[in-house]
Amino acid sequence: MKFKDYYAVLGVSPDADDKAVKVAYKKLARKFHPDVSKEPQAEEKFKDIGEAYEVLHNKEERAKYDELRRHQQSRARQQQNNYASNNGSAQSHYQHQSDPQTDKEFADFINSMFGRGRGGFEQSRSGAPHAQKGQDVEIEFPVFLEETLVDTVKPIEFMLPQRDSSGRVTEQKKSLKVKIPAGSVNGERIRLKGQGGLGSANGPNGDLYLQIRLVPHPLFDVEGHNLSIVVPLAPWEAALGAKINLPTLTGKIQLTIPANSQSGQKLRLKGKGLVSKKSKGDLFAVIKIVNPASNDDASQKLWAELAEKANFDPRSNWSNS
């Protein structure tokens, strides 16, 4: 954004007091008011005048602007001196070159004041600032799987950016209680109207968007609305069948393991998964056979007897390939 000399825009000297700035602004605002002016580019000039007044009539912002202006002038003089050195004299051939660094600082300065691009300052045709909606805010909201089974109210605290009267951005802590609808899923967004940044000039507040992030569960994996859990079984439980207590999101239930179960086999428990807006998902118990770590002589003897009596080759299919 190109640096603008606001004093030149208003036609006042850099040491003009606030009253002189105000008088100049009113005079020019009447002259270039888009409703009545027939001057070329009246609307653009009207905006520049308003932008200049917004900065120069504010003591703190004027001080910041003056610092930028001095820097810009210093760079311009340096460029002019360099040109004179290279050409023997400082003839009138010198043309002012925009300073990219100062232009960037100026753009940052304007954005810090108004939070927008082109000066961030726009006026209604009556001269008053436009009502402007506050900033929308989006934050990630962690939710436990259990909390998605029914409508749940959770507290939330977050830092909300606020712009004070001088245009500076600060952060303010805000606390809310939020209803998490049953069936909420990963990535779902919940809109809380009017809970974002404050609007300006009687504009509405921005909105707060909560993006649901399901917290990984230590036991369950999520696949859509279905859940899966790995069920470790001793070899004899898999061979003979067993009844075990299986954890679910709502408490333990008894699960019957059929005889001759195999690793990787899935047992479906209907309706024990996550809820959706219309139905319930299922829970899949995935069997994993785990051998005991014991290597004592007695155990080894029993395993040897089993191996002899079973006469079982788990790789028998390999002989046919």
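**View 1. Confidence along the predicted chain.** This is a predicted model, and its pLDDT averages 82 over the chain. A score of at least 70 goes to 83% of the residues.

**View 2. An open sheet of 4 strands.** Reading across, the order is β6-β7-β11-β10, and the pairing is mixed. At the edges sit β6 (221–223) and β10 (266–269), each of which pairs on one side only. On average, neighbouring strands here are turned by 30 degrees against each other, direction ignored.

**View 3. The β7 and β11 pair.** Strands of a sheet pair through backbone hydrogen bonds, either parallel or antiparallel. Here, β7 (residues 226–233) and β11 (residues 283–289) run in the parallel sense, with 7 bridges between them. Zoom in on valine 230 and you'll find its bridge partner in β11, valine 286.

**View 4. The largest nonpolar core, around isoleucine 257.** This core has 35 residues, and Leu246, Leu255, Ile257 and Ala285 have the most contacts inside it. Leaving out residues up to four places away in sequence, isoleucine 257 touches Leu233, Glu237, Gly241, Ala242, Ile244, Leu267 and Ile287.

Terms used
Residues numbered from 1 in each chain as written. Predicted model: local features only at pLDDT ≥ 70, side-chain atom pairs only at ≥ 80, totals over all residues. Heavy atoms only, no water. Core = buried A, V, L, I, M, F, W, Y, C linked by side-chain atoms within 4.5 Å. Buried < 20%, exposed > 50% of the residue type's maximum accessible area, 1.4 Å probe, protein only. Contact = heavy atoms within 4.5 Å. pLDDT = per-residue confidence, 0-100. Pairing = 2+ DSSP bridges. Helix = DSSP H or I, 4+ residues; strand = E, 2+ residues; numbered from the N terminus. Axes fitted to C-alpha atoms, helices over the stretch in contact; angles between N-to-C directions.
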